[in-house]
Amino acid sequence: MLKKYLLIFFVSMVPLVELRGAALMAPSLGLSLVPAYIICIIGNMLPVPIIYLFARKVLVWGADKPGIGKFFRFCLEKGHRGGEKLKAKAGRGLFVALMLFVAIPVPGTGAWTGTLAASFLDMEFKPTILAVLSGVAIAGVIMTLLGTGVLAVFSH
């Protein structure tokens, strides 16, 4: 059982997959929903402070390096575009916009992209962490309900 919880913990850390994929895995692994939900949130949030503090600096450093430059430039452009979209839609409601951006359970809108976008917008650390955590928690509820089939009732 511990191996299954560790699996969803580590899957929650993977960019693009994040909590969204791990929360969908949990029911099929036979894991209890509440502990799995909490573990997925912790796993998804663990990289967030590191992303906020260092990712932009590392990406800027590596953007002109052979072998990694193309990928790093892609990440910089994605973060910049995400930040600009948030700023354009949010105005002064940037906290709520970031939370909703992270909460939308589609690829490319998770904690990794949201945190990188917030760093591009020079949002302060604490509001960034709280907005991303809130968004991750909402996405976790949505994906857990999808994984258990509860939301399938509403699609018919």
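In helix 2, Glu18, Leu19, Ala22, Ala23, Ala26 and Pro27 meet Leu33, Ala36, Cys40, Ile41 and Asn44 of helix 3. Contact here means heavy atoms within 4.5 Å. Helices (H or I, at least four residues) are DSSP runs, numbered from the N terminus. By class, the residues of this contact are nine nonpolar, one polar and one charged. Ala, Val, Leu, Ile, Met, Phe, Trp, Tyr, Cys and Pro count as nonpolar; Asp, Glu, Lys and Arg count as charged; the others, Gly among them, count as polar.

The model is predicted: local features need pLDDT of at least 70, side-chain atom pairs count only at pLDDT 80 or more, and totals for chains, interfaces and linings use all residues. Residues are numbered from 1 along each chain as its sequence is written, and side-chain values use heavy atoms, with hydrogens and water left out.

**How the helices pack**

The table gives the angle and axis distance for two pairs. Axes are lines fitted to C-alpha atoms, for helices over the stretch in contact, and angles run from 0 to 180 degrees between N-to-C directions.

| Helix pair | Angle | Axis distance |
|---|---|---|
| Helix 2 (residues 18-28) and helix 3 (residues 33-45) | about 160° | 9 Å |
| Helix 6 and helix 7 | about 155° | 8 Å |

Helix 2 and helix 3 are therefore roughly antiparallel, a label for angles over 145 degrees. Helix 6 and helix 7 are roughly antiparallel too. The crossing of helix 2 and helix 3 is right-handed. That word applies if the near helix is turned clockwise from the far one by less than a right angle.

Helix 6 also passes helix 7 in a right-handed crossing. Leu98, Phe101 and Val102 of helix 6 make this contact with Ala111, Thr113, Gly114 and Ala118 of helix 7. Five of the contact residues are nonpolar, two are polar and none is charged.

Helix 6 has another partner in helix 8: their axes come within 7 Å and cross at roughly 35°. This crossing is right-handed as well. From helix 6, the residues are Phe95, Leu98, Met99, Val102 and Ala103. They meet residues of helix 8 including Pro127, Leu130, Ala131, Ser134, Ile138 and Ile142. The contact has 13 nonpolar, three polar and no charged residues.

**A covered helix**

How many of the ten residues of helix 7 are buried? Eight are, and helix 7 (residues 111-120) is mostly covered. Buried means under 20% relative accessible area, exposed means over 50%, and partly exposed lies in between (1.4 Å probe, protein chains only). The buried residues are Ala111, Thr113, Gly114, Thr115, Leu116, Ala117, Ala118 and Ser119. They pack against helix 2, helix 3, helix 4 (48-62), helix 5 (69-90), helix 6 (94-103) and helix 8 (125-148). After helix 7 comes Asp122, with a positive phi near 60°.

Lys78 is in helix 5. Its relative accessibility is 25%, so Lys78 counts as partly exposed. Lys78 and Thr113 are 35 residues apart along the chain, with their C-alpha atoms separated by 7.7 Å. Leaving aside neighbours within four places in sequence, Lys78 is in contact with Gly108 and Thr113.

Phe54 belongs to helix 4. Phe54 is partly exposed, at 47% relative accessible area. Phe54 and Leu116 are 62 residues apart in sequence, and 9.5 Å apart in space from C-alpha to C-alpha.

**The start of the chain**

Helix 1 (residues 2-11) has Tyr5, Ile8, Phe9 and Val11 buried. Helix 2 and helix 3 are among the elements that cover them. Leu16 lies in the loop between helix 1 and helix 2. Leu16 is not a glycine, yet its phi is positive, about 70°. Is Leu16 buried or exposed? Leu16 is exposed, with a relative accessible area of 56%.

Glu18, in helix 2, also has a positive phi, of about 45°, although it is not a glycine. With 3% relative accessibility, Glu18 counts as buried.

**Cysteines**

A disulfide is a covalent bond between the sulfur atoms of two cysteines. Here a disulfide is counted when a pair of cysteine sulfur atoms lies within 2.5 Å. The count by this rule is zero disulfides. Cys40 is buried at 1% relative accessibility. Cys75 is buried at 16% relative accessible area.

Definitions and conventions: Helices (H or I, at least four residues) and strands (E, at least two) are DSSP runs, numbered from the N terminus. Angles under 35 degrees count as roughly parallel, over 145 as roughly antiparallel, 65 to 115 as roughly perpendicular and the rest as oblique.
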